[in-house]
Amino acid sequence: MHRRFVSLSLAGWLLLCLHCSPAAAQDTQPPQVIEVDTQAPSHPFPHFWEQMFGSGRAILSLRESYRDDLREVKAVTDFDYIRFHAIFHDEVGLYDEDAAGHPVYNFSYIDQIYDGLLQNHVRPFVELSFMPKKLAAANNLHPFWYKQNVAPPKDYARWGALIEAFAQHLVDRYGIDEVSQWYFEVWNEPNIDFWTGDPKEATYYQLYDAAARAIKNVSPRLRVGGPATAQAAWVDRFIRHCAEKNVPVDFVSTHVYGNDTSQDVFGISESIPLDKMICRAVAKVHSQIKSSARPDLPLIWSEFNAVYNNDTNIEDSPFMGPWLGDTIHQCDGLAEIMSYWDFSDVFEEQGVIKKPFYGGFGLMAEGGIPKPIFNAFKLLHHLGDQRIDVASDSMLVTRRADGSLVLAVWNFSRPDDPGRIVNMSIHLKGVAPNRQAEISQVDAQHGSALDAYRAMGSPISPTAQQYAALKKAAELPPARVQTIENGTIALTLPPKSLFLIELR
């Protein structure tokens, strides 16, 4: 840390933040005029982007910092499900064998993990992974810091028995009415380095079949699915396999990130930008399901994010607000659930976190600091559940059950583009005179602590005072009230900004 910043007061840090906006913010686009017919027909708009979040591996959920962040995200999104890796990792202690080689199960930490989720009103989306070392056919450790074993089982019947004992224990403890509302997903990304079966796809189907049938042996009411692949892979063949072999499947899951390559996702050489990759991949899989033997299978996108690598200028920055709005706009109607990866930087895939802002995937930075993406989710939670179509790629117009209107508007530019100011006039046809709008925004100066952190000198280990300052900088200011004159709302959108407009 640069020592010249150590003695700055909270007010001093915040004042410095106000002067950290990019020079390109003075560059302004021509005014945009958008017509909105508030009485136009609408279609259902379920909040598919905030029903589930990913998280660091299972054992981390026992930490208070994890649960603190979970409660913060629950409070602003009311999300229903959490998904994490490695419930079968040896650190959880589920599987052992006695001297004669017979399986021994210990559910002590399993119970603490799931009790903690349910006590915080979140249900598990159970990823059945990874292989306990005494059940593994080989010691194939993944490069992640926590070194999970990604080998196939030495005995697929014993793998099935583990799954059945695990599911039966959950039903015995929590009741079938509760556990039937969970999801069971077999493994994680078997098409890449999270699975060392050979050949990958055929051995994954063997793993899936044993697990799915074991789940259904406990109760046909339990929901099981896959293939949980990276890069939107295998889905069409997976469904065909399940249909031809009469293997149970209740949902389809897969993943993609904005910086996955077109070659990996589509088998083409086209350059697809990160703001287009995700929803093109979702549309591909949606189409595969609809043309399959099981066209009514729900699509659960169990991981997505702008990038899969750590990039502070993306993951920790205001870029994520308009990126999220734009992604929701494009993906509407294509998936039942899309699970953002992930909710918290209580996360150790690359090792113990070394500083608060490092491009982690979470909504919450280390130390419980909300990021701009947290505030974006917070604002977009207020959208209605009916969507009105409008001729704009940078706006969502929604209606709530009480008839009130809520709009989201954004100024998107890609990470390497500083962007321009956008002046926008929104003409609202059918709005009574003298209505008022409450307007909130996320951008570099509203709901972002990144400039404040850099103004401090990017300390690796902030002091308690610095953490307090960062949390203050991350707060969304109160919404401002603006009178709608002549049915028009005039806005000035800074680069990489997201606005929420609630009509009162």
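Rings of Phe, Tyr and Trp, the last taken by its six-membered ring, are said to pair if their centres lie within 6.5 Å. The close-up views below are all drawn from a predicted model.

View 1. Across the whole structure, a search finds 36 aromatic pairs. In one of them, the ring centres of phenylalanine 45 and tryptophan 49 are 5.4 Å apart and the planes stand at 40°, so this pair is classed as tilted. Phenylalanine 45 is buried, with a relative accessible area of 0%, and tryptophan 49 likewise counts as buried, at 1% relative accessibility. Phenylalanine 53 and phenylalanine 79 form an edge-to-face pair, with 5.1 Å from centre to centre and 85° between the planes. Because phenylalanine 53 belongs to strand β3 (residues 52-54) and phenylalanine 79 to the loop between α2 (64-77) and β4 (81-84), this pair ties together parts that are 26 residues apart in sequence. Phenylalanine 53 is buried at a relative accessible area of 0%, and phenylalanine 79 is buried with a value of 0%.

View 2. Ring pairs link a set of aromatic residues into a cluster, including Phe88, Tyr114, Phe130, Phe166, Tyr174, Trp182 and Trp195. The largest nonpolar core has 120 residues, of which Tyr114, Phe166 and Phe184 touch the most other members. When neighbours within four places in sequence are left aside, tyrosine 114 is in contact with Phe84, Ile87, Pro124, Val126, Phe166, Leu170, Tyr174 and Trp182. Another core, of 24 residues, lies apart from the largest one and has Ile388, Val390, Leu428 and Leu493 among its members.

**View 3. The disulfide of cysteine 279 and cysteine 331.** A search of the whole structure finds one disulfide, which joins cysteine 279 to cysteine 331 with an S to S distance of 1.9 Å. The link between cysteine 279 and cysteine 331 is left-handed, with -105° about the S-S bond. Since cysteine 279 lies in helix α9 (residues 274-290) and cysteine 331 in helix α11 (residues 320-331), the pair ties together parts that are 52 residues apart in sequence. Both cysteine 279 and cysteine 331 are buried.

View 4. Most residues other than glycine have a negative phi, and most peptide bonds are trans. A cis peptide bond, with omega of about -15°, joins serine 129 and phenylalanine 130, and phenylalanine 130 is placed in the loop between β7 (123-128) and α4 (156-174). A cis peptide bond also joins aspartate 198 and proline 199, where omega is about -5°; proline 199 lies in the loop between β8 (183-186) and α6 (200-218). Alanine 232, although not a glycine, has a positive phi of about 55°, and this residue is found in the loop between β9 (224-229) and α7 (235-245). Asparagine 246, again not a glycine, has a positive phi of about 55° and lies in the loop between α7 and β10 (251-257). Alanine 232 counts as buried at 1% relative accessibility, whereas asparagine 246 is exposed, with a relative accessible area of 68%.

View 5. Seven strands form an open sheet in the order β2-β15-β16-β17-β22-β19-β20, with antiparallel pairing. Its edge strands are β2 (42-44) and β20 (480-483), each of which pairs on one side only, and the twist averages 30° from one strand to the next. Strand β2 runs antiparallel to β15 (residues 386-388), to which three bridges join it, and proline 44 stands opposite glutamine 386 in β15. Helix α11 lies across β15, β16 (395-399), β17 (405-411) and β22 (497-503), and runs at about 120° to β17. Helix α12 lies across β17, β19 (436-442) and β22, and runs at about 155° to β19. Eight of the nine residues of α12 (residues 372-380) are buried, so this helix is largely enclosed by the rest of the structure; Ile373, Phe374 and Phe377 are among the buried residues.

**View 6. The parallel pairing of β11 and β12.** Strand β11 (residues 299-305) pairs with β12 in the parallel sense over three bridges, and tryptophan 301 stands opposite methionine 338 in β12. From strand β12 (residues 337-340), Ile337 and Ser339 point one way and Met338 and Tyr340 the other way, and all are buried.

Conventions
Residues numbered from 1 in each chain as written. Predicted model: local features only at pLDDT ≥ 70, side-chain atom pairs only at ≥ 80, totals over all residues. Heavy atoms only, no water. Buried < 20%, exposed > 50% of the residue type's maximum accessible area, 1.4 Å probe, protein only. Helix = DSSP H or I, 4+ residues; strand = E, 2+ residues; numbered from the N terminus. Disulfide = S-S within 2.5 Å. Core = buried A, V, L, I, M, F, W, Y, C linked by side-chain atoms within 4.5 Å. Contact = heavy atoms within 4.5 Å. Pairing = 2+ DSSP bridges. Axes fitted to C-alpha atoms, helices over the stretch in contact; angles between N-to-C directions. Phe/Tyr/Trp six-rings, centres within 6.5 Å; stacked < 30°, edge-to-face > 60°.
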